Amino acid sequence: MENSVSIGTAVGRLEGKQKVTGSAKYAADYQAEHLLYGYVVNSTITKGEIISIDVSTIAHIEGVVKVFTHENRPSTPWFDIQYADMDAPPGTVFKPLKDNKILYHGQPIALVVAETVEAARYAAAKIKVVYKEESFETDLMENLRRSRKAKKGLASLLKPPPPKPTGDFEQAYTKSSAKVDCTFRHGTEHHNPMELYASTVIYQGKGKLKIYDKTQGTINSQLYVANVFGLKMKNVQVISPFVGGAFGSGLRPQHQLFMAVMAALELKRNVRVSLDRKQMYMIGHRPPTVQFSRFGADKQGKVNAIYHKAIAETSRFEDYVEIVVNWANMLYPAENTLLAHELVPLDVYSPLDMRAPGGSTGMHAVEVSMDEIAYKLHIDPLELRLINYSTADKSSGKEYSSKELMACYLQGAKQFGWGNRNPEPRSMKRGNKLVGYGMATGIWDANRILGRAEAIMFPNGKAQIKSAVTDIGTGTLTIMTQIAADTLGLAMEDVEFSYADSTMPFAPIQGGSFTTATVGSAVQAACAALNRKLFRKAQHMAGSKLKDLRFREVCFSNGFIFSKDDPSVSVAVVDVIQASGQKPIKTSNTSLPNPFQYNKKARAVHSAVFVEVEVDEELGVVEVKRALTAVAAGKIINPKTAESQVLGGMIWGISKALHEETIMDNNLGKYINTNLAEYHIPVHADIQDLQVLFIPEEDHHVNELGVKGVGEIGGVGMPPAITNAIFHATGKRIYDLPIHFDRLL
């Protein structure tokens, strides 16, 4: 009666062969008859006005069809709400080609459409633009005095502001036995997915479009296009089956989508617009942030005072915020807290969610501050976390629905060999290199929102499940197939998961580590409803063996409905459908948590990270020799894809700590390393021994599946663990990221 594959089994990606053989089609791979190509022209100034755009010089260039500017673009809505999307922050959404105002360097100011990519790009380089420049501000550090609180909007529901102060922080901090006062900085980071942003728009006439878009939300792009261009939702189909990395950059529709749709509708032709690598640095970023922390603890190491303030950049037109300062009190139950998050509007494009937004930033300050307290009190850093362990979220006053962080600490430390560490800084060496051990805690929200799915059983006993959700490389296709197969009692090869098409049942944007909890719950609900439907039909079959049984008394396995008490009593699903007229049987279900019950408990995924570094004392070069992340994330649907996600986060954590930063020339107001040669990311030589340890965790409150997301948790604890390991190795405490070798000389 057992299925050959079910939830909890390590299964390779179902689309793996397509990806490694090159047969997987991405947004810019779809061909169409008489396809036109658009190339975006970007502003070369940071702030000011366009006085004139001279396109007369390119009219004679062979293949050029049309140039769109603010002077001739089609009319679009006035109201901001019609440009909004599922991830839009409060403020005024940027509208491409709206007018002659320049708001940031690299702003799209024109689109050249031609018969070939080469003609479009060549013509774009020949356009002559006259600007009137204005003074600008792009330096966060020089403008900290202008920081202010963020405006509130719908986005505040998923990104709540810092909790209100508790107790008397100043008094508690003053009386603390151990006090730390630190300032942390990290620079701008850009997403740099392998696949460049592109939209291929197929014009089908009468206001109908089929769009192949690089996106993390097909319905989000569909809503945006329909609202901006006044089209009926049913006439806009967005398809995105393969996404070559996104990491948050695809949560909002990017301007190439607007440009491609605008051109297709105006020219009544098929149009593709792709961005090149340099242009990818003009569509959003992780904002540079300054953090101030003051933590106090008593002689025993109990943290009693937490002050954490963050100041981040945003654009002039939107208030982008992250959850940066909320984390410390969620982990450590201090009675006295003072938390603040402020923004500095600058002449840049709006920042954008980037893997573990806010958590990757905030937990660095929290966990380095905790490490510093441990050294001041001569307490083992791991022991300090155990002293301050809590099963509740102090900031909300709620118990966690589940929290196996203690097991993460203890099992992770044992497997890593934390006990072999000499506690004194600069005490461990390997040849001419200093060796350091560091550790840190990770935490990320475990959320679930509304999702829908459709389940269909065909006469041949095979099933199809539908959802508009994308798969951004996380293994969504595979695990949704596993969930459906397990629920329906079928082998995986008998289940087809159809996805990434906006005509399918609603799915939210894929981000925040809530996709499996949201869409997976919807898939499970739709399949369970299909089972009920099949069972009722089986009961009404002539001479049915299941007639006197209740639904809870049967199970579904290997294409049969069995009596749990007597497996010899069974009915084949194909016989049920045959008796019902050989027509497919369908169900469609919405999955949404009950907010009154759901919000009674705090929900989070936790991790403990252990790192060993080597630091060359003469050169200052840092190597992460090995790292282990122990994760408690509820039920793991697929250990193979889940481990891949955590490993990817760990690598990104190494990148954030030691490599990754976009450099702004504040005299020009532009990024100067807009390429993969100068924007440093890890290469194979930088990645050595990485391990992931999943800690068993039961949680029936978080969702019916008991799952928590793992997409973000792998990255949040790595930067502080590396920073702490470097201190243990060298005795030098570095607060700024990335850590450059010259700071260690």
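Biologist: Where is the place of Thr 215?
Modeller: Thr 215 is in the loop between β10 (209-213) and α4 (218-229), where helices (H or I, at least four residues) and strands (E, at least two) are DSSP runs numbered from the N terminus. This is a predicted model, in which local features need pLDDT of at least 70 and side-chain atom pairs count only at pLDDT 80 or more, while totals for chains, interfaces and linings use all residues. Residues are numbered from 1 along each chain as its sequence is written, and side-chain values use heavy atoms, with hydrogens and water left out.

Biologist: Is Thr 215 buried or exposed?
Modeller: Thr 215 has a relative accessible area of 2%, so it is buried; buried means under 20% relative accessible area, exposed over 50% and partly exposed in between, with a 1.4 Å probe and protein chains only.

Biologist: And what is Thr 215 in contact with?
Modeller: Leaving aside neighbours within four places in sequence, Thr 215 is in contact (heavy atoms within 4.5 Å) with Ser 221, Val 238, Ser 240, Val 243, Gly 250 and Thr 470.

Biologist: Switching to the cores, which residues touch the most other members of the largest nonpolar core?
Modeller: Those are Ile 373, Val 611, Val 613, Leu 658 and Ile 722, out of 89 residues in that core. A nonpolar core is a set of buried Ala, Val, Leu, Ile, Met, Phe, Trp, Tyr and Cys residues joined through side-chain atoms within 4.5 Å. Strand β27 (residues 604-616) gives the most to this core, with eight residues.

Biologist: Which residues are in the second core?
Modeller: The second, separate core has 50 residues, and it includes Ala 24, Met 504, Ala 538 and Val 707.

Biologist: What about β15, why is it largely enclosed by the rest of the structure?
Modeller: Strand β15 (residues 336-346) is largely enclosed because nine of its 11 residues are buried.

Biologist: Which strands does β15 pair with?
Modeller: Two strands pair if DSSP finds at least two bridges between them. Strand β14 (residues 303-315) runs parallel to β15 and is joined to it by 11 bridges, with Ile 311 opposite Glu 342 in β15. Strand β7 (residues 148-149) pairs with β15 in the antiparallel sense over two bridges, and there Arg 148 stands opposite Leu 343.

Biologist: On to the rings: how many aromatic pairs are there in the whole structure?
Modeller: A search finds 24, counting rings of Phe, Tyr and Trp (its six-membered ring) whose centres lie within 6.5 Å, with planes under 30 degrees apart taken as stacked, over 60 as edge-to-face and the rest as tilted. The rings of Phe 535 and Phe 551 are edge-to-face, because their planes are at 65 degrees, with the centres 5.7 Å apart.

Biologist: Where do Phe 535 and Phe 551 lie in the chain?
Modeller: Phe 535 is in helix α11 (residues 515-539) and Phe 551 is in the loop between α11 and β23 (554-557), 16 residues apart. Phe 535 counts as buried at 4% relative accessibility, whereas Phe 551 counts as partly exposed at 24%.

Biologist: What else does Phe 551 form an aromatic pair with?
Modeller: Phe 551 also forms a tilted pair with Phe 556, at 6.2 Å centre to centre and 50 degrees between the planes.
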